[in-house]
Amino acid sequence: MKSEVMVGNKAVAYSVKLSRANLIAAYPITPQTTIVQYLSEFVSSGELEAEFVNVEGEITAQLACMAGSIAGARAFTATSGPGLLYMHHALHGAARYRLPVVMAVANRGVRTMGPDHTDLMAQRDTGWIHLYCENNQEVLDTGIMAYKIAEDERVRLPVAFGLDGYVLSYTAEPVEIPDQEAVDDFLPPYKSLYPVLPEKFDEDIEHYKRHWNEGHGINEPFTPYPADESFSHLTMVRWGAGHDLQWRWRGHQEAITRAKQVINEVDAEYGKRFGRSYGGLVDEYRCEDVEAVIVAMGTIASTARAAIDKLQNEGKSIGLVKLKAFRPFPTEQFQSIGERCKAIGVIDRNISLGEGGIVFASVRSSLYDQEERPIVLSYHAGLAGNEVRVRDIEHIANRTLKAARGERVESLVEWV
Amino acid sequence: MSKKMSIMDIPEEEAEWPGNPACQGCAGSTVGRLVYKAIGRNSLRVEVASCAPGFMNIRVPSFYAPAFEGAGAFLTGLARGYKIIGREDVVVAGLIGDGGTVDIGFQGLSAAAERNENIFWFTYDNEAYMNTGGQRSSATPQYARTATTPPSKLLRGKGERRKNVPFILALHRVPYVSTASVAYPEDLTAKIMYGKGVKGFRYMHINSPCPTGWGFDPKDTIKVARMLVDSGLWPLYEILDGRHLRVTYKPRKLKPVAEALGLQGRFRHLTDEEVSAIQETTTSEWEKLLSMDGGEIC
């Protein structure tokens, strides 16, 4: 194991190299650009054996990854902000085909160059797994874990992981680089479960017909292909079987729900092998016997740790919950947290206009079935790259604590 | 350069299942049949939104690229992926409509050509968005009636000439570009047989008459296709390495365009002056093409 001071984008590139991704298709966009550059250096120097496709746009990047993944490639792409919005159409495709593509997103707001989570949050309903990182070490480790999660037979879904643009992507920190052999042992080479080969066509069709005629539908985790209604030679077999398409949604929902357990398992195994783990879906920081917690994502969680340390030293009873997995949403974890404290302050670096904080809504909804529900407060912070300082978090924490003690706070929602 | 073939040289083995839900007289389904007969079954098929998903009952692994604009990208990913697993012998082909080629898919097409991806792109061109009811595309010929260019007091059908995509692609300096017609299957097959052996980006643009959209009797599909070639409206040629052009079929004397246009309801509103204008353009384009025959396009 060696250590290097590197920017977040280089940590992403290292994770891809260590994971031995062999198909990389990406298009440059600030603040993701250097990911593509580092990777092209790895490929051109021979350090990473991969097909590198210099595509002409993000839709092509995603579709090329998807198609390559069908063929049997371990595919990677990276983008940011507007590039991710442009890619939106193709994201649905990778998810519905249940392909283990991994993508890094250098989070950039959709309205400015500054970092916020509105870009990846806008892809909320695409069926991808969404993970968020707090520092460059976590970026490198998450990149490797992402493939392990995506390729798990119980999951087989694409994974996107976010790193705050500039704050991580262009900021250097010391990062430990795991040994290649150790990563190879953790993450064996990718093999397509159902390779699509011309010589297997007749056999596959027969298999599929049998499967269908036996009344299985195509919802059992995998049909001959990681396919769905879009594989048109299969369509020919069951033309008009529209109800089946709804089952596909259900199968997808079940797979992404199973991913909750897989994310926790992969995180724990990574911890055992490499000495670092991140709590799986959520990381509870100093949450033992606290009256209240705040919830934060990405680099705001890092700032929040400093604030929580300070407040607990002052004797204040408040902890931090770092939300790492936004999709699948850790509903059960929040129910457990909700049972243990009286107030939760959710910091959203995003907004769903017309409703409010996206994480706030999900956290609050998770708690609805609880007999005793904590107060849940909403804070908007860091949008458009607005700086979030330790004292901002202290303010949020103190206000949340006030609510936990039954004191009146002026409004449910506050812009910080 | 493709070698001249006779109709007897077309492979006998079918790559299609019988029966499909295409319109009567659909040239597109004939395109699919001919193309995959020639490529053989060690191949893949990519399609995007078009009539093709309905009528292409072809027995090779088929992918519906989940984005109309995505044919170039999807083909690229497949070609690279099959290379990674050591299966470059598999012909990665796409059967894409004119919309998915010349309009919404054009960016990805141009980029795949520029990268010289190892793919074979077939455009079956019915000259409008026929699957959605016949709206104008940039492959629609001038004056044609479409659902979005209805001849009226203010409009004479489509106002503009079509985009010359085979030439645009040739200027990307790709190894092989050709045009073809369902009325000349031996020419089409010969070109695919040649293209199959070439590595890199290969493109074939196939004229595909659509009885439903063009307004002719379904029994006349091949006749219409032949008239278009014989009148010079759809010349058959190939361009090698983006430079060397060869006209692969040269009628001794071009038939008048009026005969070809007269068969199609979409040109029924044309005045004699307009037909003459089309005749003039067609003749001069044909002469220009002949002047390049056996030489370089630029």
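Visitor: How are helices and strands assigned and numbered here?
Guide: Helices (H or I, at least four residues) and strands (E, at least two) are DSSP runs, and their numbering starts from the N terminus. The model is predicted: local features need pLDDT of at least 70, side-chain atom pairs count only at pLDDT 80 or more, and totals for chains, interfaces and linings use all residues. Residues are numbered from 1 along each chain as its sequence is written, while chains are lettered from A and ligands numbered from 1 in the order in which they are written.

Visitor: Which residue just after helix 3 of chain A takes a positive phi?
Guide: Helix 3 of chain A covers residues 58-71. Just after this helix, a positive phi of about 125 degrees is taken by Gly72(A).

Visitor: How many residues of helix 3 of chain A are buried?
Guide: A residue is buried if 20 or more other C-beta atoms, placed from the backbone, lie within 10 Å of its own. Helix 3 of chain A is mostly covered, and its buried residues number 14 of 14.

Visitor: Which element gives the most to the side of chain B that touches chain A?
Guide: Contact requires C-beta atoms, placed from the backbone, within 7 Å. By that criterion 35 residues of chain B are in contact with 33 residues of chain A. Strand 1 (43-47), strand 2 (62-64), helix 3 (71-84) and helix 5 (106-114) of chain B give two or more residues each to this side of chain B. The most, 11 residues, comes from helix 3 of chain B.

Key. Contact = placed C-beta atoms within 7 Å. Expected span 1.5 Å × (residues − 1). Buried ≥ 20, exposed ≤ 12 C-beta atoms within 10 Å, placed from the backbone.
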